[in-house]
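Visitor: I'm new to this one. Could you take me on a close look at the aromatic rings and what surrounds them?

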Amino acid sequence: MTPINRRGFVAATMGAAAAAVSLNPQTAQAAPATREPDDRRHRPGTTPAPTRTDGLPYDDETDFADADRGFVAAFTGGPVTTAAGRIAWDPAAYDFVTEAETEGRTPGTVDPSLWRQARLLSRQGLYRVTERIYQVRGLDLSNMTIVEGDTGVIVIDPLISAETAAAAIALYRAHRGDRPVRAMIYTHPHVDHFGGCRGVLPDGAADVPVLAPKGFMEHAVSENVHVGTAMARRAAYMYGSTLPKDATAQVGCGLGLTVSLGTVGLIAPTRYITGTGEEVTLDGVRIRFQMTPGTEAQEEMNFLFPDLRAVCMAENATHTMHNILTLRGAQVRDAHAWAGYLTESIGLYTGAADVAFASHHWPTWGNDTIVELLTHQRDLYGYLHDQTVRQINRGLTGTEIAETFRLPPALEGVWANRGYYGSLSHNVKAVYQRYMGWFDGNPAHLWEHPPAEEARRWVETIGGQAAVRARARHYADRGDLRFAVTLLNHAVFDDPRNERSRRQLAELYTRLGHKAENAVWRNFYLTAAQELLHGITPHATASLGPDMYLALTVGQIVDSMAVRVDGPRAWSLRLVLDWHIGDTYWHLRLVNGLLTWTSDDRPAPDAALTLTMTRPQLLRLLAGQGTAGITMDGDRTVLSRLLGVLDTPEPDFPILTP
């Protein structure tokens, strides 16, 4: 999922929110899966990528047959735009992938394994998964799944933006009839699985049931509240948001192509699923749920359609290694729990499903093949966890473990286990972080200088900027790009205005990006090169609709203000005020630079100011839209003094320079 860069109210209250590099390719050999290919391919003349000597089964075309299977129609409506005329999604942006594929070309600027994934992800349109189940793929980062019921349809995971979701449901209806939406299901609380809900149900839920795992709303609105600005800035690197879409730059992100830039909404669930085995019938369709908290999301669920013999694996089993910790920033996920729930899935779905589909990528057909996929993914996360922990207890640090960590040959040669989105390297470090934190135990690392101060000392020690560049060139010529960029990074932090050092570092980042199998690493490297050469480009983001603001609890709103208090400026202040909303008094206290809150049904006797208002009026107040309709009793300067010590987040802060 990607965070949303929140403007307006959010800018005023809580900030903007929202792979191992294949220099030495792995050599594992996996036996190619065999299955009769589907003959309804919509890309005639497709030529497989040339075989390379890394042991990967490039001659196995099963994934391509599965990605093309059930093709009904492509989306041909041109760019999807917002009401303001901004492009939310351009389906033609990745035509360069299909053009090269048709011509049998593999660009030298893209790792062959990553190029294979880009070819698979470039398929777009409406697909039949099985009887009564369809998917729209390639119209956003995620998939929309549509299940036909007795009188209408059930929509699963309505993409990121209302505009792309509306285009997806329109594509379905153009070929399957104008069937009404009878239910909607969110598999988990990441924005690419609920944000387009208003494109499916523009007038809200009304009497349409909306199902989600328990805890959905809390996590959906809090994912990026506290550090949303930083997450959104790093997400621009992770998804390559400012990069051109071509073979020298952004070719996708491994999980999908890119993120849409439309309008994000949130329709609150009307029913929460609380336990594994819970069964619900929607529009005549039976659905049996499996709860998987702590896996790819804090709350997530898989579910089986027993009568259709189909299972939705949400984002717990996809055609890539996923993230234990995303490079945009997030809480570390639990690889051990993830593997455990996949073991449970194997038990639940062996013999019960003939097709497995997910919220990303293409489906898998055949029960034996489904179980094989789940087993490979279970073993991937389980092995990653257990072997990292084993080596932690031998005294190794996360960096040391990651440097030599290798999956068993039977796992690393599986296409679905390749690190296109998550990487073995940063996932191992994430497991280390989950258990051990940032400190590796070496006291030399306990109190290091900040990057700029350390860089000045390194550059001085080596002999100045020219000497650093020379040594970096020496290591680059030897093929050690990793240490070369380390040296040049010190040079840039020592003197950010030195163009020769910036250009040399940008060149090496470009070389690293073009060799990276992991799409996210590629995007990070190439975005860094772009910013070193051309400066920071403000990145376009999806627009947050009013649903998300209205879903915030008052407590979350206060918390979002608390993390913006400039503590030193507020040390000497002691402010007490009440927000009277409905029947509740919210007591805000700023003391010792800390903003805290409690609530009850009585006014605080020491409150110097009481604001009586509705929650929408509160949101308008904090968005800087004035106090119209708000009753203010007491010392009005209390409010201005509180707002006066709130820091303003910087959405485009520097990453590559001090």
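Guide: Let's begin with what counts as a ring pair: rings of Phe, Tyr and Trp (for Trp, its six-membered ring) pair if their centres lie within 6.5 Å, and planes under 30 degrees apart count as stacked, over 60 as edge-to-face and the rest as tilted. By that rule, the structure holds 18 aromatic pairs.

A word on the source before we go in. This is a predicted model, in which local features need pLDDT of at least 70 and side-chain atom pairs count only at pLDDT 80 or more, while totals for chains, interfaces and linings use all residues. Residues are numbered from 1 along each chain as its sequence is written, and side-chain values use heavy atoms, with hydrogens and water left out.

Take Y58 and W415 to start with. Their ring centres are 5.1 Å apart and the planes stand at 75°, so this pair is edge-to-face. The two partners come from distant parts of the chain, 357 residues apart: Y58 is in the loop between α1 (9-13) and α2 (62-68), and W415 is in the loop between α12 (409-412) and α13 (424-436). Helices here are DSSP runs of H or I with at least four residues, strands are runs of E with at least two, and both are numbered from the N terminus. Y58 and W415 are both buried, where buried means under 20% relative accessible area, exposed over 50%, and partly exposed in between (1.4 Å probe, protein chains only).

Now hop over to W338 and Y381. Here the centres are 4.4 Å apart and the planes are at 20°, so the pair is stacked. This one also links distant parts of the chain, with W338 in helix α9 (residues 335-349) and Y381 in helix α10 (residues 367-392), 43 residues apart.

Setting aside neighbours within four places in sequence, H322 is in contact (heavy atoms within 4.5 Å) with a group including W338, Y381, E296, R333 and N427. H322 has 1% relative accessibility, so it counts as buried. Its C-alpha atom is separated by 9.5 Å from that of Q377, 55 residues apart along the chain.

The loop between β15 and α9 also holds A314. Its phi is positive, about 50°, although A314 is not a glycine. With 0% relative accessibility, A314 counts as buried.

Back to the rings. Ring pairs link F289, F303, F305 and F357 into a cluster. Charges turn up over rings too; that label needs NZ of Lys or CZ of Arg within 6 Å of the ring centre and within 35 degrees of the ring normal. R69 lies over the face of W365, 4.3 Å from the ring centre. R137 does likewise over the face of Y127, at 3.9 Å from the ring centre.

Finally, step back and take in the whole chain. Its secondary structure comes to 23 helices and 23 strands. Of its 658 residues, 58% count as buried. Along the principal axes, the C-alpha trace spans about 75 × 75 × 50 Å.
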